[in-house]
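The coordinates come from a predicted model.

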Amino acid sequence: MGRSATTKDAHALFHSLRSAYAATPNNLKIIDLYILFAVATAVIQVAYMAIVGSFPFNSFLSGVLSCVGTAVLAVSLRIQVNKDNKEFKDLPPERAFADFVLCNLVLHLVIINFLG
Amino acid sequence: MAAPKFAFLLLNLISILPLLVSSFSVDRPTDRRILVLLDDLSLKSSHSLFFSSLKSRGFDLDFKLADDPAIAVKRYGQYMYDGLILLSPSTERFGGSLDVEGVLDFVDSGHDLIVAADANASDLIRNIAAECGVDFDEDPSAVVVDHSSYAVSETEGDHTLIAADDFIQSDVILGNKKIEAPVLFKGIGHSLNPANSMVLKALSASPSSYSTNPSSKLSSQPPSLYGTAISLVSVVQARNAARIMISGSLDMFSNRLFRAGVQKSGSLNKYEKSGNEQFITELSKWIFHERGHLKAVNLRHNKVGESEEPSMYRINDDLEFSVEIFEWSGSSWVPHVSKDVQVQFYMMSPYVLKTLSTNGKGLYHTSFKVPDVYGVFQFKVEYQKLGYTSLSLSKQIPVRPFKHNEYERFITTAFPYYGASFSMMAGFFIFSGVYLYNK
């Protein structure tokens, strides 16, 4: 009895989340996809290191941190561009995107240097 | 007026001449000048065969009575002799400036010594022997007696004249011709400390021998020296290549025993001539460095393919090592051939230990790979073989790790990380395009 009630609740929760997500604007969905791509790449790299060992540790760190840094920058872009966010109401989205591009440039410069 | 001055000058020049005579030197290790101390000048004639064999091999013998006040081995800080023969077992004190300290300094500076003791050996001789690692029997009246290995003789029946044939197994020390006849020995025995690695028994007593006073009854306690622990003749090779021979019998060197026939009790073989002359002659050749003296020259190492010696190696380099070893044949240096010379590449412990291969002409070489450890290493050759002078060579060389640009450029195991980083960059470009031009 209780178990079926919990699964019913889980199903109801899942459906409500899905329908709410469908209402998000398209640009935010694109950013979410990008973040998903970065995190998946990071997970693949960590699994590879667990198998093979951490021999060129600097390369491993460089690869993982490039994924994590990309994800972090994309998340900050998403926060600044989201219209529902009261804190960044006055920030033009072009300014947010310009910051995003500059920070990515610095990130990739550092990553290539540390890759070895 | 000028003539006396000229004569004076000439006399001065002549007195310097003895010091210019050639002698022991690194290039010619055989000794030249030998001081012989006797306690009785009749030994010159009763042991003449021994002395004439030395003279015929080119040695300059200087005979002196042991208590001659003019004895001096050192003058103005330089040694005047290369070897010392002490055939004076009953002398209590040497004349002149020589004493136990003087004899030991003589040996410590690399010179050779032959000491013969006897049944009435004095404390002086016993002390010299003790300092060289040989302990004579403490009982001053004890001699070596052997009731089953004595020399059969018509006159002496107390079995103190022993026929010994337990020689050390070494072609370097005793020559390559086997000594057929036993050696006649009459005197005192000594023992060696088993912990001493530099002293060897050249002639041992048989298991049935023991050291006792032949004219008194045996005490209830067993004798302190017996069996094969008794050494009749011992040799010592010091680390500075000085060689010492200590014999418990002065009669062993005498003409009488050189010429005597010998028959060991219990055996039917009768030999016309005892083995004494061959044994003593061959042993004296070894003692005075006519045999078994090695020198190592030209220790070289270089990287494979180069000919110059580098000042530093890198880990995982291939290198070649070579050394030349020569042996003194009595008159010239000949190549020494051996299969067991080894080289170590050593830093606190040998990382590489290789046996060197020889080309038969004295050149020993090998090649190996520098280990994967960096630090300051040494090439070490430690060669110690029975009867030969020991070689102890070392050469220091540092080994460095890889330089920054000597690693492989792209590491294969890191390719996924390279791929991930570049895919992130590509993703960034694509995302920017899609985001900006999205309607």
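## Helix packing across the two chains

In this predicted model, helix α2 (residues 26-52) of chain A packs against helix α9 (residues 415-436) of chain B at an angle of about 180 degrees, and their axes are 11 Å apart. Because an angle over 145 degrees counts as roughly antiparallel, α2(A) and α9(B) are roughly antiparallel to each other.

On the side of α2(A), the residues that make this contact include A:Ile30, A:Tyr34, A:Phe37, A:Thr41, A:Gln45 and A:Met49, while on the side of α9(B) they include B:Tyr417, B:Ser423, B:Met424, B:Gly427, B:Phe431 and B:Tyr435. Sorted by class, the residues of the contact between α2(A) and α9(B) comprise 15 nonpolar and five polar, with no charged residue among them.

## The interface as a whole

Taken over the two chains, the contact draws 33 residues from chain A and 21 residues from chain B. The area buried between chain B and chain A is about 2,300 Å², of which 78% lies on carbon and sulfur atoms. Of the area that chain B buries against chain A, 34% is supplied by B:Tyr417, B:Met424 and B:Tyr435, which is more than any other three residues supply; these three residues also belong to the contact that α9(B) makes with α2(A). Between chain B and chain A the count of salt bridges is zero.

## Packing within chain A

Inside chain A, helix α3 (residues 57-81) and helix α4 (residues 93-115) pack at an angle of about 175 degrees, with 10 Å between their axes. This makes α3(A) roughly antiparallel to α4(A). The contact of α3(A) with α4(A) is made up of 15 nonpolar and nine polar residues, and no charged residue takes part.

## Annotated transmembrane regions

For chain A, an unreviewed UniProt entry places the feature "transmembrane region" at residues 33-51, 57-75 and 96-115. In the model, the span of residues 57-75 of chain A is 100% helix and 0% strand, with its end C-alpha atoms 27 Å apart. Residues 96-115 of chain A are likewise 100% helix and 0% strand, and there the end C-alpha atoms lie 28 Å apart.

Methods. Residues are numbered from 1 along each chain as its sequence is written. Chains are lettered from A and ligands numbered from 1 in the order in which they are written. This is a predicted model: local features need pLDDT of at least 70, side-chain atom pairs count only at pLDDT 80 or more; totals for chains, interfaces and linings use all residues. Side-chain values use heavy atoms; hydrogens and water are left out. UniProt positions are given in the numbering used here, feature names are shortened, and annotations may be inferred rather than shown by experiment. Helices (H or I, at least four residues) and strands (E, at least two) are DSSP runs, numbered from the N terminus. Axes are lines fitted to C-alpha atoms, for helices over the stretch in contact, and angles run from 0 to 180 degrees between N-to-C directions. Angles under 35 degrees count as roughly parallel, over 145 as roughly antiparallel, 65 to 115 as roughly perpendicular and the rest as oblique. Contact means heavy atoms within 4.5 Å. Ala, Val, Leu, Ile, Met, Phe, Trp, Tyr, Cys and Pro count as nonpolar, Asp, Glu, Lys and Arg as charged, and the others, Gly among them, as polar. Buried area is the accessible area (1.4 Å probe) that two parts lose on being put together, summed over both. A salt bridge is a side-chain nitrogen of Lys or Arg within 4 Å of a carboxyl oxygen of Asp or Glu.
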